[in-house]
Amino acid sequence: MSSSALVEIRDLNFSYDKRPVLQGINMTFPKGKLIAIMGLSGCGKTTLLRHIGGALKPTKGTISFDGQMMHELDQDELYAMRRKMGMLFQFGALFTDMSVYDNVAFQMREHTDLPEEIIRDMVMMKLHAVGLRGTHNLMPSELSGGMARRVALARTVALDPMLIMYDEPFAGLDPISLTVVGDLIRRLNDALGATSIVVTHDIQESLKIVDYVYFMANGVIVAEGAPDEIRASEKDFVRQFVHGEMDGPVPFHYPGGSYRQDLSLRA
Amino acid sequence: MPAIKTIKGIGHRAINAVWRIGMATRFFLLTLRYSGTGFRRFHLIIKELFSTGVMSLIIIVVAGLFVGMVLGLQGYETLKRYGSESALGVMVALGLVRELGPVVAALLFASRAGSAMTAEIGLMKATEQISAMEMMAVNPIARIVAPRFWAGVISMPLLAALFSAVGVFGGYFVGVVQIGVDEGSFWSQMQAAVDFREDIMNGVIKSLVFGTVVTVIALFEGFDAPPTAEGVSGATTRTVVTSSLAILMLDFILTAMMFGGS
């Protein structure tokens, strides 16, 4: 394994109810890089993230994180590895019965014996980093979607993880929030010296901030490269995805029977 | 063939039911295993005691009062036929302490606190809060389930005791204040006939069992709920239905064990 790789996936296969979801995936995530995994909804991106986090075990293949095979760990070892990770869920997944402050302080209280004064300073610093120090007394229900995502981001990086995973961080955001979140993802990755994996289908925002892109379709990697290579790619799938074309390798019509038959027309 | 299809359907349901009982038992054992964390941070249990116990007080007190009043009225009408009105206090107290207190309080607890627990945990699952907790290396059984479980087990006997106490007062109000049964015989016969170990402790044991079963069902259903609106609503319904049936079935078994042969 390359010493500069934080996460390495080799020949990953995963099936759900005998239906193949991931097939022969090989990926490398070098330390300090921000890498996007893109593809259509249901192509296996989130399943891949769940494998890296140890929530799913592969049918075949290996996933290593920081030198440990994630799928071979018992629960205590897995939890020890997860302390080195952070994950931002699609809609933030803030704890709705806790204030913004308590959400960000949650991991600090659970995993450290730090006194409350130090926790307070750390929480304020994290919230300041995402521009929401003034919201510490609010409840999650009082935040907009973009603000909730930024608070969740502050909670994700609360213990300065080595690996930060983002599951659709741009979903449902207005253009300003989208730019803010994208910029924060890049800045936090560089400031913390972390490695980040962004699962998304927001091509334009992602290409502005990431170092490398993997494209997935139907559980396999169909293209990969730096953002400029992706923009210039002549591959049909990548071109359709990047330019948002209606028809191409991903058809407009869902497979079905004869149209004439469905309309009860005679031949 | 329709017959084969029916048999297949019955078999599928039976297997599913056994599977769920097994999963719920495993869930219960895991809850006990991770309860230490909850006790080390007792403030989590206190917080849950408030939402399960304190928030159930009004429904328990109001229901207890009316059940006691009805018991006073019905008891008087029956006892009057045999000229035993003075035994009204005994009848009200034994009825409440042995049966109605634990059973009705548990049924109310299942529909108020149990359904709320299921809906809360089901929604936490649907909004990925439980997954987020797991990704933060925090065990959700220890952090979410165990404090709620112990809050349910602790609050159920207290609520049942309160139900019985208010019910006795309701019976007193109707029997003594409204109808005019002798106050002295109402209280003295009650005091003489109600045995602490035989009646009160058996009632407490019943409510402890009901509290455990209802809370485990509510928590398991929430944890096992499909993460959709329909899934959470179905789980909430199952909590109330399964808990109610379990309470009534267990009540018969416990009553037979406690009082059946005497």
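In this predicted model, helices α1(B) and α9(B) are roughly perpendicular to each other, because angles from 65 to 115 degrees count as such. Their axes cross at roughly 110 degrees.

**The α1–α9 crossing**
- Helix α1 of chain B covers residues 2-33, and helix α9 of chain B covers residues 196-224.
- The two axes come within 10 Å.
- On the α1(B) side, the contact is made by Met23(B), Ala24(B), Phe27(B) and Phe28(B).
- On the α9(B) side, Val216(B), Phe220(B), Phe223(B) and Asp224(B) take part.
- Seven of the contact residues are nonpolar, one is charged and none is polar.

**Chain B overall**
- Chain B holds 10 helices and zero strands.
- Its pattern along the sequence reads α-α-α-α-α-α-α-α-α-α.
- The C-alpha trace of chain B spans about 65 × 55 × 35 Å along its principal axes.
- Chain B has 262 residues, and 45% of them count as buried.
- Among contacts in chain B with a separation of 6 or more, 87% join residues 24 or more positions apart.

**Gly231(B)**
- Gly231(B) sits in helix α10 of chain B, which covers residues 229-259.
- Gly231(B) counts as partly exposed, because it has 15 C-beta neighbours inside 10 Å.
- Beyond its neighbours within four places in sequence, Gly231(B) is in contact with Gly122(B), Ala225(B) and Pro226(B).
- Met257(B) lies 26 residues from Gly231(B) along the chain, and their C-alpha atoms are 38 Å apart.

Note on methods. Residues numbered from 1 in each chain as written. Chains lettered and ligands numbered in written order. Predicted model: local features only at pLDDT ≥ 70, side-chain atom pairs only at ≥ 80, totals over all residues. Helix = DSSP H or I, 4+ residues; strand = E, 2+ residues; numbered from the N terminus. Buried ≥ 20, exposed ≤ 12 C-beta atoms within 10 Å, placed from the backbone. Contact = placed C-beta atoms within 7 Å. Axes fitted to C-alpha atoms, helices over the stretch in contact; angles between N-to-C directions. Parallel < 35°, antiparallel > 145°, perpendicular 65-115°, else oblique. Nonpolar A, V, L, I, M, F, W, Y, C, P; charged D, E, K, R; others polar.
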